[in-house]
There are 2 protein chains.
Amino acid sequence: MIAQDWLAERARRTPSQRAVECGDEALDYAALDARVGVLAGALRDDGIAPGDVVAGCLQNGLPAVLLVHAARRCGAVLLPLNTRSTAAELAYALQDAGARRLVHDDAMRDIAVAAADVSGVAASAFDALAKRDAKPLAPGDADPDGPSSLLYTSGTTGRPKGALLTPGNFFASAVASAMHLGALPTDRWLACMPLFHVGGLAILWRSVLQGSAVIVHERFDPDRVNHTLDEEGATIVSLTATMLSRVLDVRGTRAPARSLRFVLLGGGPCPGPLLGRARKAGLPVATTYGLTEATSQVATRPPGADPASGAIPLPGTEVRIAGEDDRWLGAEAVGEICVRSATVMRGYWRRPDATGEALRDGWLRTGDVGRLDAAGGLHVLDRRSDLIVSGGENIYPAEVEAVLLAHPDVAEVGVAGVADPEWGARPSAWWVPRPHATADAAALASFCRERLAGYKVPSAFHCVATLPRTAAGKLRRHALGETPSFP
Amino acid sequence: MIAQDWLAERARRTPSQRAVECGDEALDYAALDARVGVLAGALRDDGIAPGDVVAGCLQNGLPAVLLVHAARRCGAVLLPLNTRSTAAELAYALQDAGARRLVHDDAMRDIAVAAADVSGVAASAFDALAKRDAKPLAPGDADPDGPSSLLYTSGTTGRPKGALLTPGNFFASAVASAMHLGALPTDRWLACMPLFHVGGLAILWRSVLQGSAVIVHERFDPDRVNHTLDEEGATIVSLTATMLSRVLDVRGTRAPARSLRFVLLGGGPCPGPLLGRARKAGLPVATTYGLTEATSQVATRPPGADPASGAIPLPGTEVRIAGEDDRWLGAEAVGEICVRSATVMRGYWRRPDATGEALRDGWLRTGDVGRLDAAGGLHVLDRRSDLIVSGGENIYPAEVEAVLLAHPDVAEVGVAGVADPEWGARPSAWWVPRPHATADAAALASFCRERLAGYKVPSAFHCVATLPRTAAGKLRRHALGETPSFP
């Protein structure tokens with residue numbers, strides 16, 4: 001049931017259903033399908049054949065949506081590039097993936113052309129392709145297990161690797177999400193996070209499969225998110241914790257968003273106080289743990305569930321915890337989160353070694369640390385690579401951050417290990433103060449000491465203006481040490 | 001993602017979610033799972049092994065729900081028997097299927113025991129099995145392509161045949177329905193039609209997969225349906241046209257049911273006036289064409305769609321129209337409806353010939369007559385076996401019935417062919433008058449002549465008290481001639 005051109009099938013079945021809204025443009029499925037056919041025809045005229053890698057360097061917008069579907073129609077493998085990358089980073093991904101063509105928009109032209117030159121890949125402006133008004137390419141069947149997308153993971157260590165996702169991965173992810181959180185043809189999913197990340201890309205495929213609409217914001221603007229929630233009938237919005245916090249900051253005393261089913265909150269842990277603020281504002285939150293290698297969601301706590309409960313693995317997705325010796329651990333034991341599911345990637349592009357390390361006996365080793373409670377709920381403690389080992393004790397930065405976020409003067413905070421001759425490493429904190437904050441390092445240390453074992457209390461507190469984050473809003477803990485702090 | 005014991009997985013994931021309500025009993029998924037484990041243990045103690053056929057002769061109720069899931073947990077093939085059958089009919093199905101055991105409730109005991117005696121199949125009272133408090137059977141994996149259920153089709157001609165459905169069929173059906181009509185964990189699906197039909201059985205599997213509740217009525221009672229719609233928050237209800245008509249008859253001036261997403265209307269064509277009545281009463285209707293061999297829905301017109309539009313094939317389901325010479329016909333041409341989908345049965349149990357006739361080149365030949373409009377919408381004209389050929393002209397009874405139903409004095413009507421020496425066959429009508437009807441045969445014939453080609457006008461009008469229908473509410477046109485009419 002999945003070996004088809006989903007967009008073409010959807011357009012045939014519900015042509016006048018709203019497909020996408022972006023700025024002043026709104027397309028129904030028939031119109032989206034027609035424009036995708038023309039763009040795919042232009043790519044085919046340019047020599048793109050099934051199996052070729054087509055890269056996109058596009059800011060959020062209709063061109064990004066069209067390219068996703070046009071690549072599929074061509075039978076090509078989509079390589080969505082991070083628009084915040086340097087030209088060197090782009091060139092690395094283009095070469096590593098063996099891309100045949102790079103499609104860019106006006107805003108990304110200079111950097112895209114530079115990267116294309118370095119990597120020897122042909123570059124095309126999106127507008128030029130679209131304006132050529134090519135003969136539309138007819139839809140064909142797709143191999144559900146063939147390559148569909150290459151997503152370079154932000155990888156906190158080592159060089160980025162391309163996670164290879166298939167149509168079957170995206171289908172399984174959409175079905176699992178629908179069976180977990182529900183899906184309605186009347187859904188309107190707001191995508192204000194980058195479409196080049198799996199969390200954004202998966203929204204596009206889900207919407208086509210369930211016949212609903214996606215609302216694309218060109219960039220994250222908290223006021224505009226509130227407007228879309230309140231006035232444009234968004235039923236779902238994908239946000240990170242930082243984004244949600246900013247949306248709430250400017251939300252004021254607006255009434256609860258009537259159409260909103262839930263905020264899908266991913267990209268890292270969600271502090272308890274933030275959940276409380278969202279609840280008070282009438283925005284139900286579904287916190288999710290997911291990763292690129294599993295086509296987004298792995299486990300999601302449904303909206304309305306007890307905030308102390310774990311995230312529930314999606315239907316058809318199994319989660320286990322592995323110990324240091326690779327044996328499966330029981331309930332409550334802390335270890336590496338492992339995932340088995342039809343949503344798990346086929347592997348890393350041209351990296352048999354890394355693939356073999358990540359996929360063992362059908363299980364994806366996520367490198368993340370967590371535990372399963374007795375009820376089977378998943379509690380994510382940390383990304384393993386961020387683990388601070390201090391005097392033989394393990395310190396999970398997220399735990400320390402959660403404590404500090406409960407302090408009224410702390411707006412944002414990141415914790416990372418700093419080498420220490422005596423203890424191996426000691427935790428340090430980088431914090432962004434709220435306006436009119438009065439707390440100093442001594443006060444924060446005292447606050448922590450009341451709530452944490454002594455070895456977990458940061459040995460230094462750096463007051464900073466902003467925290468380093470990825471384009472998806474994930475905290476880059478390894479870059480904390482480079483953050484300029486206030487004197 | 002489908003090779004699991006869905007109920008066990010669901011109970012592990014959302015144990016406290018409401019699973020089933022029946023009369024005064026309400027079970028969450030943990031409780032349902034526990035009771036299913038005990039029942040499956042009792043069946044296993046009685047020698048039921050994977051692959052064995054377990055028959056149920058149970059009226060709608062919790063026991064019927066439990067047996068469906070317990071058979072799956074045993075790895076057995078479920079044979080749900082029609083409780084309106086005669087003992088001879090039951091015995092035929094038991095023997096044809098090679099059943100190992102027949103489970104019955106108190107109400108069905110006499111007829112079930114008689115059928116078991118004739119067929120030499122061991123019979124067990126449901127209560128005796130449940131009370132034995134057996135050691136619960138642990139869930140195992142199911143082969144998604146293995147046999148799951150045997151549903152004997154009502155077959156208007158020939159002896160009944162067992163359509164063999166797999167877990168994969170039910171999974172594909174649930175996913176397709178969710179992606180077409182939506183699915184929410186908060187759904188509450190009212191099943192007041194027999195659970196031994198595919199339309200009822202599919203509700204049970206859908207609910208488990210999407211984690212929602214099913215409300216089971218022991219029998220169809222229009223007042224109780226209205227109560228459940230208005231006071232118990234049903235979001236979906238499956239009805240036939242006759243059932244809907246009766247629900248509307250007693251609905252009075254109640255306000256629209258606020259929680260109701262739609263009425264799934266199947267089991268035969270829906271007269272236009274009935275759709276209008278439902279719309280006025282605020283009950284949105286999704287008319288569906290489906291059949292046992294395709295695990296229920298094939299094409300469904302979404303609620304709110306133009307009543308003149310066709311039914312839209314479900315995602316992943318292809319519909320084509322075949323001509324007399326087996327070639328595919330184009331838009332608007334009338335021919336046999338053919339279906340290709342992951343929802344299509346594996347075949348008829350132990351009937352290679354009938355299977356070969358029904359399944360050709362991966363396409364299910366439904367024997368039903370219809371056309372696809374230019375937009376791809378399916379219009380079902382008739383069940384082919386009911387076709388009346390009169391003087392070389394084809395007459396589709398449903399078309400004639402639809403005309404007569406528009407007459408204010410006609411409550412229900414059936415049309416069938418009666419042998420005629422001159423024309424081969426002539427249509428006759430059997431009609432149920434509304435209270436205070438004044439029309440006679442001459443008036444009805446005149447009414448038809450104004451709206452139909454002459455050869456389609458029934459040559460006789462028999463005024464009757466009721467029409468013969470199957471347990472699922474389908475008109476049995478072949479039995480019309482045996483209906484006693486008013487003088």
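Which elements of chain A make a right-handed β-α-β unit? In this predicted model, the answer for the part of chain A that I would like to begin with is strand 3, then helix 3, which covers residues 62-74, and then strand 4. Strand 3 takes in residues 53-57, and it runs parallel to strand 4 of chain A, to which four bridges join it. If you want one pair to look for on the screen, take A:Ala55, whose bridge partner in strand 4 is A:Leu79. Strand 4 itself, residues 77-80 of chain A, is covered on both faces, with A:Val77 and A:Leu79 buried on one side and A:Leu78 and A:Pro80 buried on the other.

Let me step back to the chain as a whole. Chain A is divided into domain 1, residues 6-142, domain 2, which is made of 186-322 together with 367-384, and domain 3, residues 387-482. Between the centres of domain 1 and domain 3 of chain A, taken over C-alpha atoms, there are 41 Å.

I turn now to chain B and its open sheet, which has nine strands in the order 2-1-10-9-11-12-13-14-15, with mixed pairing. Strand 2, residues 25-28, and strand 15, residues 312-313, each have a single partner strand in chain B, and so one side of each is left without a neighbour in the sheet.

On one side, strand 9, residues 188-191, runs parallel to strand 11, residues 236-240, and three bridges join the two in chain B. Here B:Trp189 stands opposite B:Ile236, and B:Ala191 stands opposite B:Ser238. Strand 11 of chain B also pairs with strand 12, residues 262-266, again in the parallel sense and over five bridges, and in this pairing B:Ile236 stands opposite B:Phe262.

For helix 10 I will move over to chain A, where its buried residues are A:Ala241, A:Met243, A:Leu244, A:Ser245 and A:Val247. Their cover includes helix 9 (222-231), strand 11 (236-240), strand 12 (262-266) and helix 11 (272-280) of chain A.

Two single residues are worth a look as well. A:Val369 has its place in strand 20 of chain A, residues 363-372, and it is buried because 22 other C-beta atoms lie within 10 Å, where the cut-off for buried is 20 or more. B:Val118, by contrast, lies in helix 5 of chain B, residues 109-119, and counts as partly exposed, because it has 15 C-beta neighbours inside 10 Å. Leaving aside residues up to four places away in sequence, B:Val118 touches B:Ala87 and B:Ala91. From B:Thr292, which is 174 residues apart from it along the chain, B:Val118 is separated by 27 Å between C-alpha atoms.

Finally, how are the two chains arranged? Chain A is superposed on chain B by a rotation of 180° with 0.0 Å of shift along its axis, at an RMSD of 0.1 Å. The two copies are therefore related as by a two-fold rotation axis, and the same surface serves both, in that 96% of the contact residues of chain A recur in chain B. The residue of chain A that comes closest to this axis is A:Ala183, whose C-alpha atom is at 2.7 Å.

The contact takes 24 residues from chain A and 23 residues from chain B. On the side of chain A that touches chain B, the elements giving two or more residues are helix 1 (6-13), helix 7 (167-181), helix 8 (198-210) and strand 15 (312-313). Helix 7 of chain A gives the largest share, four residues. By class, this side of chain A has 14 nonpolar, seven polar and three charged residues.

Methods. Residues numbered from 1 in each chain as written. Chains lettered and ligands numbered in written order. Predicted model: local features only at pLDDT ≥ 70, side-chain atom pairs only at ≥ 80, totals over all residues. Domains from an automatic or database assignment. Buried ≥ 20, exposed ≤ 12 C-beta atoms within 10 Å, placed from the backbone. Pairing = 2+ DSSP bridges. Right-handed = clockwise from strand over helix to strand, strands pointing away. Least-squares fit on C-alpha atoms with pLDDT ≥ 70 in both. Contact = placed C-beta atoms within 7 Å. Nonpolar A, V, L, I, M, F, W, Y, C, P; charged D, E, K, R; others polar.
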